[in-house]
Amino acid sequence: MKALGAAADPDTDDLDLAVRLLAATPTHEGRDPALLRRWAEAADAFGAALEPGPCRARIVERDDGLEELLLARYTSRPATVEICTDTVDRAETLIDELGWRSWYPVGSVRAAALAHESAHEHFHHKETRTALKEAIGHSALRLGRFRVLAHVAGAEEIAAHAYARTVCGLGRSPLLLTAALAAVVGAPGREN
Amino acid sequence: MGVVILLVMAAGVAAMLTRKLPTAFALVILAVVIAFVAGAPLTGKNSVVDTVLQEGAPALAATMIAIVLGSWLGKLLEETGVAATLVRKIVEFGGDRPVVVALGVLAVSALVGTVTGSAPAAMLAGLIGIPAMIAVGIPKVTAAGTILMGIAVGIPFELPLWQFFSTALELPVPTVRGFMVKLFPFALVAAVLYVFVESRRRGVEHTWSLKSVQDKPRSPNRRQRLGDAPWYALLTPAVPLILALGFELAIIPSMLAGVLYALVTTTRPREMNKRLLRTLYGGFEVAAPPIALFIAIGILLAAVKLPGAVDALEPLVKAASPQNAVLFVGVFTLLVPLCLYRGPLNVFGLGAGIAGVLISTGIYPAAVVLGMATSYNQVFGVADPTSTQTVWAAQYAGVSPQQVMVRTLPYVWAVALGGLCVTAASYL
């Protein structure tokens, strides 16, 4: 077992990982970390409170996830969730190697992937997107009492991970597992 | 003799296609060989040394200056955060509607495309624009294509390009400007159609990527430390355009005005000198590849305009060039793919030589050649998988240049058809 980087340190708070995701999202370069933390917190809470629902998208499997550094993908036309079976299998093995089974039960990675992508399906509805913007409360424009709420890139992703964590009853955010997977298969010279 | 020159040209295209030689070097060698084959003496009037090399090399000097100024302005837009601020605002206002974000980035790319061209333009708009589009769910190929189609919308108003066609084809700038204004609507409609049609066909996509929480080095660059550019600085890319198009000011002063506007709206007086010099030197670095190419094109143009070359090529080219308007449009539309992969109709390669032949032999008026060259340039600037902007945009988005070519070619081919129709209707 190769050493995990600091990014996948299990002592790292789930919210710190969400902040890291936001910080790595384009358009947030140079933003105040405290502001990013506030947004991440709001997005996480929003995703965790989303009403659970079935995944109505078509589900297909592919086996090139490790090569593409993907675990799952959602496409809207046609509504399809692609599950990368090789990455899911590697994630399940990694969970055992790291002794994280109490956080991620057997079969939970696939379930989380489906939940994560079905959350993106939720965000296709205007009302859900508007509600997320209201929860975050960032203004793109303010003229007196008139205010245009801003879209915060990356917030939907954090909300989708929080939704998956809640719906699948995971002990930790899927972001921690993502960071651990990236550390073992993603870096140059690593195992893939 | 003419057949030999054509064979030499074909060999030059082969050398460029197979990447045996960089385009600029291949064009210079081609020019020297053509001059010798055409019977030019080594020195003296209409010679290899004095005419082709000495007079040819600086023939496009005005274009080179415009390129340097465009690159300088591009560097200023980058360093002062003007382009990045525009993209950030677009995402904040329209991020939950990916089509709106794509249209916004398209507009930014178009503005950037009026200032500078090639890979620097793609980088200026795409460095933040491509990942921002992907972050809101726009598929990667669509995102890369949006940047390129946007730049192509700006191409008709790219001032260094006006200077290039004016000098290379010996046409007054107002003639070039007049045709570019007619070409612009085709480029605009095709680009907007591209965004709407491709968004509708492909929808949005979201990935659970393993790269999403990887630590990135967070050493804020200069712009990040300075924050967003003020709103009035965001008008910078429009300044040279308004002056050149609206007030018919000459190209170089218009671009200098853009540089000054960017400077005074973003920089404290005590930092102005430093920033001006730093971005100017950075601009030279960016401008080096196109300047090398323009030196080579000037040399090639001088070679194909030699009396011996004109006499040799005239009967051959005349026989192959349709004079009927409908045939003209049909033939040259079908030949569009020949400007891809550094092909013979690429105006920043052998195409410039062919344009020179068509004008110097009197087969077509210079305005017709302008129409052909600019129409082909709209294709080359977007869909050529060997052009630097296409390679950069595709690779940065994480797709292959060929995927971008396949997706964008139908749209830019239609633009070329439109340009050729206008050419035939206006000048033939």
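Let's start with burial in chain B: of its 428 residues, 59% count as buried. Do keep in mind that this is a predicted model.

Staying with chain B, what is it built from? There are 20 helices and one strand in it. As for overall dimensions, the C-alpha trace of chain B spans about 65 × 50 × 40 Å along its principal axes. How does the radius of gyration fit with a compact globule? For 428 residues such a globule would come out near 22 Å, and chain B has 22 Å, so the two agree. One more number for this chain: take the contacts with a separation of 6 or more, and 80% of them are between residues 24 or more positions apart.

Now over to chain A. Here buried residues make up 58% of the 192 residues. How many helices and strands does chain A have? Eight helices and five strands. If you follow chain A from the N terminus, the elements run α-α-β-α-β-β-α-α-α-β-β-α-α. The radius of gyration of chain A is 17 Å, close to the 16 Å from the globule rule for 192 residues, so this chain is as compact as a globular protein of that length. Along the principal axes, the C-alpha trace of chain A spans about 55 × 35 × 30 Å. And for contacts in chain A with a separation of 6 or more, residues 24 or more positions apart account for 60%.

In chain A, helix α1 covers residues 14-24 and helix α2 covers residues 33-48. Their axes come within 9 Å and cross at roughly 115°. Since angles of 65 to 115 degrees count as roughly perpendicular, that makes α1(A) roughly perpendicular to α2(A). Left-handed or right-handed? The crossing of α1(A) and α2(A) is right-handed.

So who is touching whom? On the α1(A) side, the contact is made by Leu15(A), Asp16(A), Ala18(A), Val19(A), Leu22(A) and Ala23(A). Facing them from α2(A) are Pro33(A), Leu36(A), Arg37(A), Trp39(A), Ala40(A) and Glu41(A). Sorted by class, this contact between α1(A) and α2(A) has nine nonpolar residues, three charged ones and no polar ones.

Terms used. Residues numbered from 1 in each chain as written. Chains lettered and ligands numbered in written order. Predicted model: local features only at pLDDT ≥ 70, side-chain atom pairs only at ≥ 80, totals over all residues. Heavy atoms only, no water. Axes fitted to C-alpha atoms, helices over the stretch in contact; angles between N-to-C directions. Helix = DSSP H or I, 4+ residues; strand = E, 2+ residues; numbered from the N terminus. Parallel < 35°, antiparallel > 145°, perpendicular 65-115°, else oblique. Left-handed = near helix turned anticlockwise from the far one by under 90°. Contact = heavy atoms within 4.5 Å. Nonpolar A, V, L, I, M, F, W, Y, C, P; charged D, E, K, R; others polar. Rg over C-alpha atoms; globule rule 2.2 N^0.38 Å. Buried < 20%, exposed > 50% of the residue type's maximum accessible area, 1.4 Å probe, protein only.
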